[in-house]
Amino acid sequence: MSIPSNLKYTASHEWVKAEADGSISIGITQHAQELLGDMVFVESPAVGRKLTAGEECAVVESVKAAADVYAPVAGTVIEVNGELDAAPEKINEDPYGAWMFKIRPDNTADMDALMDAAAYQAHVDSEAH
Amino acid sequence: MTLKQTPLNAAHRAMGAKMVDFGGWDMPVNYGSQIDEHHKVRNDCGMFDVCHMRVVDIKGNGVRAFLRYLLANNADKITLPGKALYSAMLRPDGGVIDDLIIYFMTEQWFRVVVNAGTADKDIAWMREQAATASPQLSITSRDDLAMVAIQGPNARSKVWQVLPRTRTATEGLQNFQAADCGEYFIARTGYTGEDGFEVMLPKEKVEAFWQALNQAGIPPIGLGARDTLRLEAGMNLYGQDMDESISPLEAGMAWTVDLKSERDFIGKAALLANPPTRKLVGLVLLDRGVLRGHQKVVTAHGDGEITSGSFSPTLEKSIALARVPNAVQIGDAVQVSIRDKLLAAQVVKYPFARNGKGLI
């Protein structure tokens, strides 16, 4: 599966999508879901929680392992995807569709520091060696 | 370190396996969805590469007497040819060196199957004990043999499609009994809680056998599903649920330890001198989350620890084996510390699932 060019990425394998209303939605990448395998549990941050960049704020657990999800930028959680509580496998089926939570960033310009698709591809390739 | 490979390594890669380092072996963890693989074994059948496990043949006069002393379970329980017995092999202080299966073939030949990670240590220990107790015995590591497990309600009939000439010899096998069919040694044993066979055969034939099983419609199953299947079936994993620092009596293995007969065996005195204060129980998580090894279990009688935990695909909830104080009872409400929270769990009698059905 190719890495969507309209999203931004972190070194810890989150994807970040800029929404029209100025918020950003966050999920985990195809590469991350493939490494973890079948998802069985998602723990989302509380709506209203203030996050600093790089803070642990959510957890995804597959049958095999648990993995932390980190805030890509500083901001406030404004919405979580409750659908994933009952259907965590959506992360496996459609990783770039299954957003986990939305943040209103403190500073939209922080997004510029994130990786684009090409940089993320290079990052994934480098971790494979 | 270079990972060790089984003779099926290339076949796994060709079948799309995701490979992982499993105790120094390059093994398939899944071929796609581990949950799908789990359900296939519970409901139909699947095949596992277990070539990393080691077959050891002990031959000569007095094998039974040697095993009677070497193992915590009593080799005298198996008198029907081919019959198998699960046992712990203990240190003098009662710690578990390994758990293994022995097959009684003749009074001159018992076959032993041991875990991959402990095989070299096990064989050295057996030889050391035999050197003084039974020097006439030969203890041979059968590195020329491969092993494939075919498990599930339809496993045996599929194997007979591939090996029709072994059907007569294996159709009448009881659970936990094997038949020596020349090149194929076929045992009605496994590590999933389902019916099926474990087949030992010459290494150079295993890839063709694997492909023939696949042609007969048997999907390959990775170690990921093997772990959830054995956990649901309430079967211990060496190195996780017990090891050299743990008494078998605190690892749910009391049923395999024969303390009643007059027979002496290595570790017996230590077990009698140190009655267990903890026991292995099953847990089902009531809150949302996933139980994992090493999580702390908080009970009214003191803390315990999860030894194996995962998500049960059959029950669709998280389950675990945990070592807790003896006073903890089936049905007790306990808490498990997961990250910074205490989550509610219930103590249950295990196995959690076998023969296609959840038991909780």
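Trainee: What should I know before I start?
Mentor: This is a predicted model, where local features need pLDDT of at least 70, side-chain atom pairs count only at pLDDT 80 or more, and totals for chains, interfaces and linings use all residues. Residues are numbered from 1 along each chain as its sequence is written, chains are lettered from A and ligands numbered from 1 in the order in which they are written, and side-chain values use heavy atoms, with hydrogens and water left out.

Trainee: How many cavities of 30 Å³ or more are there?
Mentor: The search of the whole structure finds one. A cavity is a set of points on a 1 Å grid over the protein atoms alone where a 1.4 Å probe fits but cannot get out. The largest cavity holds about 40 Å³, a volume being the space filled by probe spheres set on the points.

Trainee: Which residues line the largest cavity?
Mentor: Glu43(A), Arg288(B), Ile338(B), Arg339(B), Asp340(B), Lys341(B) and Leu343(B). Lining residues have an atom within 4 Å of a point.

Trainee: What do Arg339(B) and Glu43(A) do together?
Mentor: Their side chains meet in a salt bridge, 3.9 Å from N to O. The term means a side-chain nitrogen of Lys or Arg within 4 Å of a carboxyl oxygen of Asp or Glu. This pair crosses between chains, from the loop between β17 (333-338) and β18 (341-348) of chain B to strand β4 (residues 39-43) of chain A. Strands are DSSP runs of E, at least two residues, and helices are runs of H or I, at least four, numbered from the N terminus.

Trainee: Which network includes that pair?
Mentor: Glu43(A), Glu61(A), Arg292(B), Arg339(B) and Lys341(B) are linked by salt bridges.

Trainee: Are Arg263(B) and Asp258(B) buried or exposed?
Mentor: Both are buried. That means under 20% relative accessible area, with exposed over 50% and partly exposed in between (1.4 Å probe, protein chains only). Arg263(B) and Asp258(B) form a salt bridge, with closest N and O atoms 3.2 Å apart.

Trainee: New topic. Which residues of α7 of chain B are buried?
Mentor: Val206(B), Phe209(B), Trp210(B) and Leu213(B), in a helix of residues 206-215. Seen down the axis of α7(B), they fall within an arc of 100°, so they line one face of the helix. The arc is taken from the directions from the helix axis to the C-beta atoms.

Trainee: What is on the other side of α7(B)?
Mentor: Ala208(B) and Gln215(B) are exposed there. Just after α7(B), Gly217(B) takes a positive phi of about 95°.

Note on methods: On a 1 Å grid over the protein atoms alone, a cavity is a set of points where a 1.4 Å probe fits but cannot get out, and a pocket is an open set with protein on both sides within 12 Å along at least five of seven lines; lining residues have an atom within 4 Å of a point.
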